[in-house]
Amino acid sequence: MTLTLRPMAHCEIGLVRKSNQDSGFVSSAMLLVADGMGGAAAGDIASAVTARDLRKLGNNPGTGPEVLDSWREALTEVNTSVAEMILANPRLDGMGTTVCGGIFDGEELHIAHIGDSRGYLFSHGELTQLTHDHSYVQSLVDDGKIKPEEAMVHPHRSLLLKVLNGQPEIAPDFFSHELIAGDRVMFCSDGLCGLVPDEDIAQAMALPDLSETLLTLTAFAHAAGGTDNITIILADVVEVKSLAAGGTPPPKIGENTIAFDADLALLDQDALPVVEFRTSGLLGAAADPKIISRIKAGRKAAGKLQLPQAKASGGTPPTTITETEKHRYSLLSKKKWWLQVLITLLIILGLAGGAWAVRSYIYNQYYIGEYQGVVAIYQGLPGDIAGVSTSWLYEATTIRLADLPLSYRDRVTDHITTSGGLDQAHIAVAQLKQTSRDCVEARLQRPPETPPPLDGC
């Protein structure tokens, strides 16, 4: 039995956002969602670069473990491209993207995942979340400190622990899952799964018609507020011969698109969204001509960026950033991280022309940590290199560590990194301040001599 994917996808700006920073790609062999982040720092560029570069994997997917190897290599190359664009234009510093996608070889779906976009499987009437969020709130769920339903309304639900952002070390998840005829797969951004509970997603996934499922999921996201960009990619697992013999694809309007609007009993709404569904090709920012133009300009600038000659004379030609710096942004093992960073930084600092890039990069990094018992914002990178600190105190707050729940104290002590620069650090501090107020209020309301709860409040 030969199997293939029958896909359908939708990507939109949502009801609140002013731009679409989501990107995606869909084909009968590959499904991919990339949710950009960074706001003014061009999350749309990061997601578009990712989707446009990774789509080539769907041309000759291969089989088995070699597909996962292809994923690893391709994500390393994309991460390098993002890093080079940031180095050529420091205003892009802070941009990043999630990646959540699968390549189907006819038997198994080979998945790559980093961030909080999700992959789901609906099989035999049951919905299973295939991927595991790389987010702060998911770590709290894993530790048993909050319940899954609390994660959707948690004040820190937007904080991600892993993204693809040009940093020297990224750690995506790679795994494979066997599919059978009749299965239904979905990849989506948190514009859906961050607003709509799994039980509602399962209800929509059970609908027999794929376009009806997609419309229903979009309507659910709108009904929940539509506060984020929405990208939904669905695919039914079908036999190739059934498609050829009797499978009639949905009616098309234009190239690779269909429009669908219907009344659904699941939704108590007078007006359902009229949306355009794609069955192949690029989605969102990755298909936006303006974004594509910016990507070309950014890559042109990165390609022209040259490091000085290794010798003052002697004829060694200047090398491009791609040739010299590529290893700096490759996937590094945790054990060799600081060693390779040290070597790389020493090389770059020895090149006068490249010194500004390192200084600019460090000066634009911020994280949350502890300073004399209070929460503080640090500028730079946590830790030190060869005994020299790579960060310094930027701003001490009045939030006492003792006034935070125990789980939050641990996170602050271990450092909370932010991907959006100083603005994101201030947002994280504001959220910690509110959490501190709630904790103090809970203490004041607790009757005297009552043992303190496990969370320390």
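Arg72 and Asp69 form a salt bridge in this predicted model, with their closest N and O atoms 3.2 Å apart, where a salt bridge is a side-chain nitrogen of Lys or Arg within 4 Å of a carboxyl oxygen of Asp or Glu. The two residues are three places apart in helix 2, so about one helical turn separates them; helices (H or I, at least four residues) and strands (E, at least two) are DSSP runs, numbered from the N terminus. Arg72 is partly exposed at 35% relative accessibility, and Asp69 is partly exposed as well, with a relative accessible area of 46%. For these classes, buried means under 20% relative accessible area, exposed over 50%, and partly exposed in between, computed with a 1.4 Å probe and protein chains only.

The numbering runs from 1 along each chain as its sequence is written, and side-chain values use heavy atoms, with hydrogens and water left out. Since the model is predicted, local features need pLDDT of at least 70 and side-chain atom pairs count only at pLDDT 80 or more, whereas totals for chains, interfaces and linings use all residues.

## Salt bridges

Side chains of opposite charge can pair when their charged atoms come close. The structure holds 10 salt bridges, and the table lists some of them.

| Pair | N to O distance |
|---|---|
| Arg72 and Asp69 | 3.2 Å |
| Lys56 and Glu77 | 3.5 Å |
| Arg184 and Asp236 | 2.6 Å |

The side chains of Lys56 and Glu77 meet in a salt bridge at 3.5 Å, N to O. Lys56 lies in the loop between helix 1 (43–54) and helix 2 (65–88), while Glu77 lies in helix 2, so this pair ties together parts that are 21 residues apart in sequence. Lys56 is partly exposed, at a relative accessible area of 47%, and Glu77 is also partly exposed, at 29%.

In the salt bridge of Arg184 with Asp236, the N to O distance is 2.6 Å. This pair links distant parts of the chain, with Arg184 in strand 10 (residues 184–188) and Asp236 in strand 11 (residues 230–239), 52 residues apart. Arg184 is buried, its relative accessible area being 6%, and Asp236 is buried with a value of 15%. Elsewhere, Arg118, Asp133 and Asp198 are linked in a network of salt bridges.

## Cysteines

A search of the whole structure finds one disulfide, defined as a pair of cysteine sulfur atoms within 2.5 Å. Cys439 and Cys457 form this disulfide, with their sulfur atoms 1.8 Å apart. The torsion about their S-S bond is about -105 degrees, so the disulfide is left-handed. Cys439 sits in helix 14 (residues 421–445) and Cys457 in the segment after helix 14, and the pair thus links distant parts of the chain, 18 residues apart. Both Cys439 and Cys457 are buried.

Cys11 is buried, with a relative accessible area of 18%. Cys193 is in no disulfide, and the nearest cysteine sulfur, that of Cys188, is 3.9 Å away; Cys193 is buried at 4% relative accessibility.

## Confidence

The chain has a mean pLDDT of 82, and 79% of its residues reach 70 or more, pLDDT being the predictor's confidence in each residue, from 0 to 100. Over residues 247–266 pLDDT stays under 50, and the model has 49 contacts beyond four places in sequence for them, a contact meaning heavy atoms within 4.5 Å. Residues 306–337 also stay under 50 in pLDDT, with 56 such contacts beyond four places in sequence. Where pLDDT is low, the predicted coordinates should not be read in detail.
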